[in-house]
Amino acid sequence: MLLTLDQVEKRIGPRTLFSGVSLQIRAGDRIGLVGPNGAGKTTLLRIAAGDEGLDGGRVMTSRNVRIGMLKQEIDPRLEHSVREEAARALARLAELELELRELEGKMERAGRDGREVPADVAERYDQAHAAFLHGGGFEREARVEAVLEGLGFDEAARGRPLSSFSGGWLMRVELGKLLLSEPDVLLLDEPTNHLDLPAIQWFESTLEDFAGGVVVVSHDRTYLRRHARRIAELDARGRFEVYEGGYESYLEQRAARREELLARKRNQDRQIAHMQGFVDRFRYKAKKARMAQSRLKAIERIERVEVDTGGPRRMRLRIPAPPRAGEVVMALDDVYKRYGETVVYEGIELEVRRGDRMALVGPNGAGKSTLLRILAGALDFERGERRPGHNVRVAFYAQHQLEVLDPERTVLEELAAGGRTGDVPRLRGHLGAFLFSGDDVEKKVAILSGGEKARLALAKLLLHPANLLVLDEPTNHLDIQACEVLEEALRAYQGTLVFITHDRSFINTLANKVVEVKSGVLREFLGNYDDYLRRTGGGDTAPATPQPQPHTERAKAADAPPTGPVPAGPVRKKAHRQERERRKAEERTGRKIERLEGEILEREREVESLGWRLGDPEIYRDPEQVQTIKARRGELQGEIAELYRDWERLADELEALRDGAD
């Protein structure tokens, strides 16, 4: 056993944050620590790491076990490089190398003087050399470079001073140091929050090879589903339970345990009611008074089964139905954007159509947030045109939305400031849907937690109907339950959605298009994130061809005249004829693909519409109509599957035609 928590208790003033927390962490463990914001998950990690005291119980570690916890410790003013900071995690190897050089010097001098090497020097050299080899001393520079590359630092960034990086990037450096130090137990608090999607994939593959135990606080459900083998839940009442198995098994076990508790409580309530009935009937009758008194004492001794019948409070999020927009909601034509000497976009084009659920993906620094802000109208650009469609109303949730909340206002005042309405009951009702009720609405923004601020920012955003939601990392600071509620609301939302998130479950649930942003070029793919990975070779199956765009750099290149030496005479004519035929075939195939995409979109919208109808309780008064709708939806889903197969075949043909032009 590497680390054991035994009946750990923590109090904050008169309040017990949690008690009775017992957990054993073994080599190879992958434990997900889940629970609502404010339950004390981070505090529990700090206690396990020895960084915070406890008010009851004990924490025990095996001999020589090293515990590593992800912390924000780097001074952002430091001028030494990222590479030098990361290498500090291997300082012990550097010390061993210096000691080896000193010992080699002593051994060399003894040889020159014709003396035997002292036994203590030879013994210490063997020990230090073995430790240096075992610790990977000869590969340490390569290890530093590999870890920093995996976390998204290119060659130039690794040499830049720490003072030139934001807090999120400094957290990556701290994570890199932690991974390089190779502790026996890793305690990680939301480690993927500061990583882009490629870095998350690298991080997960690195953890797969880690031999020690890992405890992760995370709202990343994809990570939990793929890697957690046990789930430890800390709820808002300080209760702690451990579930064997992965995340899905945890959900099933938790639901089953709750049903079992409810059944036990119902049985116990019946038993108590029966005993109480006996007491009520006979307590004042002389012959049976003693029996009644005995039953009353028995009732008092019963240990009651407690069930939180209402469950934890949930956001009741419903996005108002927006006005209908035009077919093309937003378009960018030949847009150029630069920051100083850095060119971000050089003539990009993008079209957002009504009903799109478009996710922007790509490495940090590629320009995703810049593109999102341009789409939202929150950022100017040097050249090109941004064309909103007919009747478009945009609502923009910025990545740093929490920072623009006024700390001096109350929750209610902050909502009213962006609400353009003095209808206080309506504002209070709206805040109630985001778990701000009673006196909560009079709290100052300054004292809100990160999760509360995120809920307030979302409440402001969704106060008025908008038919284009532009969201930059909307799940940051939200716990798993709040993320799921937001997902449900956005699935039912009838407008158009463009968003950035590192939450892969969020993308898979919502996206019907993925736009890859890389090196100033946009590539568009139908489907969700898993579909995107399959088509780009990032998933577990063979890559397929991305959806072609008529205005991408790739399409422009296809329309350009062929380059290279021109053949002479009949050979040149034949080459020109073949090129014309190839281009015509490419155009025909491209048109077929566009028609298929239109048919797919039309049927998917009909399936979605039928789903909304089935969600209306009134329709179940007519069972025949319900069966008709379900049958039609099944037909449509079969047609969509067939259309996708045709689309993939044509996409392969188009790729082959384009390869023939290379």
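This report walks through a pocket, the nonpolar cores and some local backbone features of a predicted model.

## Ground rules

The model is predicted, so local features need pLDDT of at least 70 and side-chain atom pairs count only at pLDDT 80 or more, while totals for chains, interfaces and linings use all residues. Residues are numbered from 1 along each chain as its sequence is written, and side-chain values use heavy atoms, leaving out hydrogens and water.

## The second largest pocket

Let's start with the second largest pocket, whose volume is about 1100 Å³. Of its 35 lining residues, Arg357, Asn512, Glu604, Arg605 and Glu608 are the closest to its centre. A pocket here is an open set of points on a 1 Å grid over the protein atoms alone where a 1.4 Å probe fits, with protein on both sides within 12 Å along at least five of seven lines; lining residues have an atom within 4 Å of a point. Grid points are joined across faces, edges and corners, and the volume is the space filled by probe spheres set on the points.

Helix 20 (569-614) is one of the helices that each supply at least two lining residues, along with helix 16 (480-492), helix 17 (504-510) and helix 21 (623-661). The largest share, 8 residues, comes from helix 20. Helices (H or I, at least four residues) and strands (E, at least two) are DSSP runs, numbered from the N terminus.

## Nonpolar cores

The largest nonpolar core has 96 residues, and Leu188, Leu431, Leu469, Leu490 and Phe499 have the most contacts inside it. A separate second core of 27 residues includes Leu360, Leu375, Val392 and Val470. Such a core is a set of buried Ala, Val, Leu, Ile, Met, Phe, Trp, Tyr and Cys residues joined through side-chain atoms within 4.5 Å. Buried means under 20% relative accessible area, exposed over 50%, and partly exposed in between (1.4 Å probe, protein chains only).

Leaving aside residues up to four places away in sequence, Leu469 touches (heavy atoms within 4.5 Å) Ile319, Ala395, Leu462, Leu490, Tyr493, Thr496, Leu497 and Val498.

## Hairpin and backbone angles

Strand 1 (residues 3-12) and strand 2 (residues 15-25) run antiparallel, joined by 7 bridges; strands pair if DSSP finds at least two bridges between them. Their hairpin has 2 residues between the strands, and Gly13 in the turn has a positive phi of about 60°.

Gln7, in strand 1, has a positive phi near 55° and is partly exposed at 47% relative accessible area. Asn64 has a positive phi of about 65° and counts as exposed at 66% relative accessibility.
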